[in-house]
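Take a look at the protein and its ligand below. The report starts with the ligand and then turns to the protein around it.

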Amino acid sequence: MSRKIAVVLFNLGGPDGQADVKPFLRYLFRDPAIIGAPGPIREFLAWLISTRREREAQANYALMGGGSPLLTETRSQADALTKRLNQSGDSEFRVFIAMRYWHPFVEEAVREVATWGPDETVLLPLYPQFSTTTTGSSLKAWKDAGGGAARTVCCYPENEDFISAHAALIAQSWEKAGRPENTRLLFSAHGLPERVIAAGDPYQFQVERTAAAIADRLPQLTDWQICYQSRVGPLTWIGPATEDSIREAAEVDRHILLVPIAFVSEHIETLVELDIEYRELAKDTRPGVGYTRVPALGVADGYVTALSGLVSGALEGPAGMKPPNGQRLCPADRSQCPCAGMETR
Ligand SMILES: C=CC1=C(C)c2cc3[nH]c(cc4nc(cc5[nH]c(cc1n2)c(C)c5CCC(=O)O)C(CCC(=O)O)=C4C)c(C)c3C=C
Ligand SMILES: [Fe+2]
Ligand SMILES: [Fe+2]
């Protein structure tokens with residue numbers, strides 16, 4: 001009988017419709033990985049912020065038909081990965097989805113996987129770069145919900161197939177835009193509060209590695225920069241802010257080629273923030289400015305190859321946390337890297 005292998009894809013989740021926006025936000029802000037305050041204070045803040053943010057967030061989700069497309073996009077990725085993994089035929093793979101702040105919740109995935117009864121389980125974040133606020137939080141939720149022993153991919157910021165999938169999409173978008181010579185490539189990642197990074201979170205380090213690796217593959221595009229979008233709340237976030245980078249690029253008459261590098265599918269941060277809000281900002285700064293948004297990876301062939309290769313790699317050797325290429329990537333001061341104690345490259 002062939003081995004049964006479960007693959008669990010982790011992502012953030014998003015509201016299905018307008019009525020879900022507030023409870024979704026409340027789940028997000030009650031996560032100790034997002035707000036570090038003690039229990040009762042965190043609960044109060046989660047209620048307060050979700051109440052205050054509800055209207056504005058609802059209006060943004062309304063621009064995408066009322067809710068988030070993230071689950072539909074993630075299902076397409078799960079289907080493409082299932083197909084690819086089952087092509088070899090010597091094991092039976094089934095791909096499950098575990099969202100952190102909305103359905104299908106991590107708890108639901110834990111139950112589904114247990115019901116299926118696999119021989120092996122691979123946990124695979126749809127976050128290429130590790131952060132305590134995303135992958136770290138999801139892996140903790142898996143453990144807290146009683147998820148069984150698993151092989152775990154911590155991150156893949158420099159995975160070759162992942163990098164070349166990005167480079168191919170960027171090259172295609174640039175061609176389509178007519179190869180403008182004055183192009184500035186802006187790699188835009190979701191931001192984080194500075195204090196999360198100061199506490200040793202490896203996310204920014206890994207984002208920088210991803211951007212450098214992609215830029216290496218694109219010698220025709222030498223003008224590039226990393227920036228951070230989606231600031232929320234009163235804390236100081238890492239920068240430069242994508243808004244500032246866009247304004248600056250427009251002021252010096254660059255053609256803006258905007259690449260989301262920490263999101264692997266389309267959702268509110270790409271479809272509303274990048275496609276509507278920031279496009280308008282660019283046009284307001286310089287009417288007629290060139291503004292091209294590179295699509296998120298979605299089911300790009302190279303990305304499905306990357307995911308499938310990560311699953312195969314995770315199934316080799318001993319179970320547990322698998323750093324990229326079996327070796328810890330993060331420097332020692334990135335103390336929140338889950339591969340602590342493993343050999344550094
Ligand atoms: C790399 C990915 C992400 C990181 C890091 C991250 C950190 C982070 N996010 C918030 C607050 C919000 N994020 C929201 C939406 C959202 N965030 C990510 C990814 C990362 N977040 C995704 C994929 C999405 C989209 C979900 C969807 O609906 O499709 C939202 C909700 C939208 C809004 O109100 O603007 C909030 C709020 C914080 C505070 C944080 C780190 C501390
Ligand atoms: Fe977020
Ligand atoms: Fe790591």
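## Around the ligand

A residue is near a molecule if its C-beta atom, placed from the backbone, lies within 6 Å of it. In this predicted model, 22 residues surround ligand 1. The closest are Gly-14, Ser-68, Leu-70, His-190 and His-267.

The shell holds 13 nonpolar, 7 polar and 2 charged residues. Domain 1 (18-62) and domain 2 (160-293) both contribute to the shell, so ligand 1 lies between them.

## The annotated binding site

An unreviewed UniProt entry marks His-190 and Glu-269 with the feature "binding site". These positions span 80 residues in sequence, yet no two of their C-alpha atoms are more than 8.3 Å apart, so they gather at one spot.

His-190 sits in strand E5 (residues 183-190). Glu-269 belongs to helix H10. Are they buried or exposed? A residue is buried if 20 or more other C-beta atoms lie within 10 Å of its own. His-190 has 25, so it is buried. Glu-269 has 21, so it counts as buried.

Beyond four places in sequence, His-190 is in contact with Gln-229, Ser-230, Ala-262, Phe-263 and Glu-269.

## The whole protein

The protein has 11 helices and 9 strands. Its radius of gyration is 20 Å, close to the 20 Å that the globule rule gives for 345 residues, so the protein is as compact as a globular protein of that length. Of the 345 residues, 46% count as buried.

Methods: Residues are numbered from 1 along each chain as its sequence is written. Chains are lettered from A and ligands numbered from 1 in the order in which they are written. This is a predicted model: local features need pLDDT of at least 70, side-chain atom pairs count only at pLDDT 80 or more; totals for chains, interfaces and linings use all residues. Ala, Val, Leu, Ile, Met, Phe, Trp, Tyr, Cys and Pro count as nonpolar, Asp, Glu, Lys and Arg as charged, and the others, Gly among them, as polar. Domain bounds come from an automatic or database domain assignment. Helices (H or I, at least four residues) and strands (E, at least two) are DSSP runs, numbered from the N terminus. The radius of gyration is taken over C-alpha atoms; the globule rule is 2.2 Å times the number of residues to the power 0.38. A residue is buried if 20 or more other C-beta atoms lie within 10 Å of its own, exposed if 12 or fewer, and partly exposed in between; C-beta atoms are placed from the backbone. UniProt positions are given in the numbering used here, feature names are shortened, and annotations may be inferred rather than shown by experiment. Two residues are in contact if their C-beta atoms, placed from the backbone, lie within 7 Å.
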